[in-house]
Amino acid sequence: MLFTRLRKSDGFTLIEVMAAMAIFTAVTLGITPLLLGSLRSATVGRTFTVAKNVVSRAMERARGLPYFESVKGITGTPPRRDLLDLYFPNVGTGYSGGVFTTRCTSISSTPAGSGPIACPPPNADGTSSIPPGYTLTIRAEFVSAIAGTNPTTFSVVTPPSTYDWTSLTGEVPPSDLVRLTAIGTWSYGRINKSFTLQSLIASRKLSEDELAGNATINFAAQVRTGYIDANAGQGTFRGAVGRSISDIEESAFAAADQEVRAAHLFLTEDPTGGTGAEDIITEFTGAQVSLHAAPNDLPTGQVNASGGSVVHPLLPGVTFGRVGTTHANHPMVPSRGVQVVNELPTARGSFRIDSGVGLELDNQKSFSDPLLVYPFAPVIDLESTGAEGGTAVTSTPVSPAASRKVEATAHIEFDDLHLYPTVFAPGGVVRVTDFVADIRCTSTGSATSSIAGTWSATIMYWTDNTSTFASSDYQSITVAGNIDGSGNAEADLDAIQSANPTVWFFNPPGPGPVEEYRLFSDPSTGLPGYLTDWSTTPFETTLTPGHTEVTLGSALTIEGIPTDPARPPTSTVTQVGSMSCESVDERG
């Protein structure tokens, strides 16, 4: 019995334990590489996903930008940047062999000029949106399709050496198509890895929009002058009244955008060495709004800004420009705002200078020369009453056909613009009054598409026909421009300039010299004048069954003499009426 109990309490023998351990070890050694490989694959997959997300977000951001928008001589706050501003801004640092390259990491961005705005913005908490150890490289190149190739291949288009997004003369892209390549690179262990996306991004005119419309007012009036500061530096003052952009689009989805800026003044300094972008010294922006839909309720009320001015820190006592109270989304345009209803987008907006000071320019004028400006009046003054404008883009359903359309309109008006007030003509040697401009682009998808455009103004100029101060007065002429080229403005402006009337004639008693001032300076006779040139720009148009465009670069441009003969930069340029519209209706 004792022998039996001992046998039942026995455990495993040593040989059995060793055999079991041997089997367990063999199985474990076989599975471990699989487990390690699985963990390694998961880690590599995570790094790949991170890179893919960085690259995808960068490409989607680029695709969401407008392809090209002109700087139009006006800098926004913040600037309204397009795809090329960020990823192909010029042919300077970052450009080589037809390709502009931007590189972004968690701690740096190159090139220094465009990299900080082209690289992905930081997260909401301020941390970099690019994880440490990753690099995002974006390569942009202008391309054009090679005819007859299947599949289509592309050739690189080399921009001219003057290409620069900050310059009105150099900003025009050499091609309406950009090939954008976004590459994410990182290292795992000692192995370099990458993920790449490539996309062709086209100008809107190349895309197959079914419905699109745009109406833009660049300015109702814009004045420009130069200066020389106390350190012999030079720069520019620009002041503008009115900017309104209505924009709608429906392709993959419907959207509407509206931007309004009632006024903008800014003072810049020329770059050192004459190259690169101007430096903004100071600026003032009037009332402004920026709206986006789809959908968005129509806003109510007004957005107002009190008046403001700009001065140069090195030129005490000189107020270069000032503007009065401004309004954005003024009730002159009904149903202002943006909205999308049943995939039909609408955008409307407007601006107005309401009271007090209009727009004034008062530069480094001389008070010692009898030719020049009245001491107590600005060089150029746009009176505030009635200075307003607006844009609108609307769309209607395809059916019924009789009311189908995509229509874009723009309107500008102001009452009185004074240039060069003097002691004998305090209201200005030249005045532009009752200015009105309207354009319209209507697309219906058929031959009934139409365009319209007109502008008119009264130009008043001081004359001294009788050579007696008391009898001097204004001569006036109404000028107009029409979309069909039938306006009288160009011929009448040329005729007045050729006649070059006398503005002031003084024959002092005794042996003193006769003084005579003309409307235009005349180098051939040596007689001084107030203007060097004035001109008008004809309408540019496109009219096809599904696409219409109208552009008015500047209804009037008036170039004046330096207000201080010792400072040539103090010459002035005044422009009025710059606007455009476009409509596309290619719905089936």
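How many aromatic pairs does the structure hold? The structure holds 18 aromatic pairs. Here, rings of Phe, Tyr and Trp (its six-membered ring) pair if their centres lie within 6.5 Å; planes under 30 degrees apart count as stacked, over 60 as edge-to-face and the rest as tilted.

This is a predicted model, in which local features need pLDDT of at least 70, side-chain atom pairs count only at pLDDT 80 or more, and totals for chains, interfaces and linings use all residues. Residues are numbered from 1 along each chain as its sequence is written, and side-chain values use heavy atoms, with hydrogens and water left out.

**Aromatic rings**

A pair of aromatic rings is described by the distance of the centres and the angle of the planes. Take Phe414 and Phe435. Their ring centres are 5.2 Å apart and their planes stand at 20°, so the pair is stacked. Phe414 belongs to strand 20 (residues 406-419) and Phe435 to strand 21 (residues 430-443), so the pair ties together parts 21 residues apart in sequence. Strands (E, at least two residues) and helices (H or I, at least four) are DSSP runs, numbered from the N terminus.

Phe414 is buried, at 1% relative accessible area. Phe435 is buried too, at 0%. Buried means under 20% relative accessible area, exposed over 50%, and partly exposed in between (1.4 Å probe, protein chains only).

Elsewhere, ring pairs link Phe88, Tyr95, Phe100, Phe142 and Tyr163 into a cluster. A charge also meets a ring: the charged end of Arg431 sits over the ring of Tyr474, 5.5 Å from its centre. This term requires NZ of Lys or CZ of Arg within 6 Å of the ring centre and within 35 degrees of the ring normal.

**Disulfides**

A disulfide is a covalent bond between the sulfur atoms of two cysteines. With the cut-off set at sulfur atoms within 2.5 Å, the count comes to two disulfides.

| Disulfide | S to S | S-S torsion and hand |
|---|---|---|
| Cys104 and Cys119 | 2.0 Å | -85°, left-handed |
| Cys441 and Cys581 | 2.1 Å | about 75°, right-handed |

Cys441 is buried at 0% relative accessible area. Cys581 is buried at 3%.

What of the burial of Cys104 and Cys119? Cys104 is buried, and so is Cys119. With the bonded cysteines of the protein numbered in sequence order, the pairing is 1-2, 3-4.
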